[in-house]
Amino acid sequence: ASDVTVCKGGSATVTLTPGNGTITKWNTSTSGASGSYSSVSSTSNTYSLTNITNNTWVTATSKNGVCAEATTVTPVAITVRELPVATIAGSTTICSGTTANLTLNISNEYGQPWSITYLEGTATKTVTGSGTTATITTSALTTNTDVTLQTITLTGTASSTNPLCSNTLSSTVTVNVNVLPTVTLNSVGGP
């Protein structure tokens, strides 16, 4: 079995085929490859882990007849990646009919491009990019409008060591809109 990387809270299935004998238990550690292991009795060649939140190492123990049990020497390493996060900043005041520029700050993107969905008022919009900062330009606004981030998804090429994680977001800013000034000219009488 090969090492794998998963998104925090994700799952993984480890498959091992014993050379001789039958698997009798699976062993997991969250304190390193040479750390303390806890065991689960099982004769299955596969072991599934769910809601993985810490780096985890997995070995299997097998037995053949009356011979002593043997445990895999090299554990399978399951590396956990933190979920991507994005926040929005730049609450601002604009004049009615103009746009506002808002700043996105992205972390845990692991060098991958991303796609963020957000609400501008009640309209769902999407912005794509890469890196740790970006700018959203609103449409021309005529009333105070909340801009709320909803989701972020990494969109690169997935592999066993490069999962494309996603996350739910809630960061919000409010763009305040000032009504354009008006001037009323009263008529002035002649001399």
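Author: K125 has a relative accessible area of 27% and counts as partly exposed; buried means under 20%, exposed over 50%, and partly exposed lies in between, with a 1.4 Å probe and protein chains only. The model is predicted, so local features need pLDDT of at least 70 and side-chain atom pairs count only at pLDDT 80 or more, while totals for chains, interfaces and linings use all residues. Residues are numbered from 1 along each chain as its sequence is written, and side-chain values use heavy atoms, with hydrogens and water left out.

The partner of K125 is E120, and their side chains form a salt bridge at 3.5 Å, N to O. A salt bridge here is a side-chain nitrogen of Lys or Arg within 4 Å of a carboxyl oxygen of Asp or Glu. At 8% relative accessibility, E120 is buried.

By this rule there are three salt bridges. In one of them, K8 meets E82 at 3.4 Å, N to O. K8 is in the loop between β1 (4-7) and β2 (10-15), and E82 in the loop between β8 (76-81) and β9 (85-89), so this pair ties together parts that are 74 residues apart in sequence. Strands are DSSP runs of E with at least two residues, helices are runs of H or I with at least four, and both are numbered from the N terminus. K8 is partly exposed at 33%, as is E82 at 37%.

K25 bridges to E69, with their closest N and O atoms 3.9 Å apart. This pair also links distant parts of the chain: K25 belongs to strand β3 and E69 to the loop between β6 (56-63) and β7 (70-71), 44 residues apart. The relative accessible area is 25% for K25, which is partly exposed, and 43% for E69, also partly exposed.

Next, the aromatic rings. Rings of Phe, Tyr and Trp (its six-membered ring) pair if their centres lie within 6.5 Å; planes under 30 degrees apart are stacked, over 60 edge-to-face, and the rest tilted. The count is one aromatic pair. W26 and Y47 make up this stacked pair, 5.5 Å centre to centre with 10 degrees between the planes. W26 lies in β3 (residues 22-29) and Y47 in β5 (residues 46-52), so the contact joins parts that are 21 residues apart in sequence. Both W26 and Y47 are buried.

Now the strands. β9, β11 and β14 form an open sheet in that order, with antiparallel pairing; two strands pair if DSSP finds at least two bridges between them. β9 and β14 (133-137) are the edges, each with a single partner strand, so one side of each has no neighbour in the sheet. Five bridges join β9 to β11 (residues 101-107), and T87 has N105 in β11 as its bridge partner.

Last, the core. A nonpolar core is a set of buried Ala, Val, Leu, Ile, Met, Phe, Trp, Tyr and Cys residues joined through side-chain atoms within 4.5 Å. The largest one has 22 residues, of which I88, L104, W114, I116 and L149 touch the most other members. The elements giving two or more residues to this core are β9, β11, β12 (114-120), β14, β15 (145-154) and β17 (172-178). β15 gives the most, with four residues.
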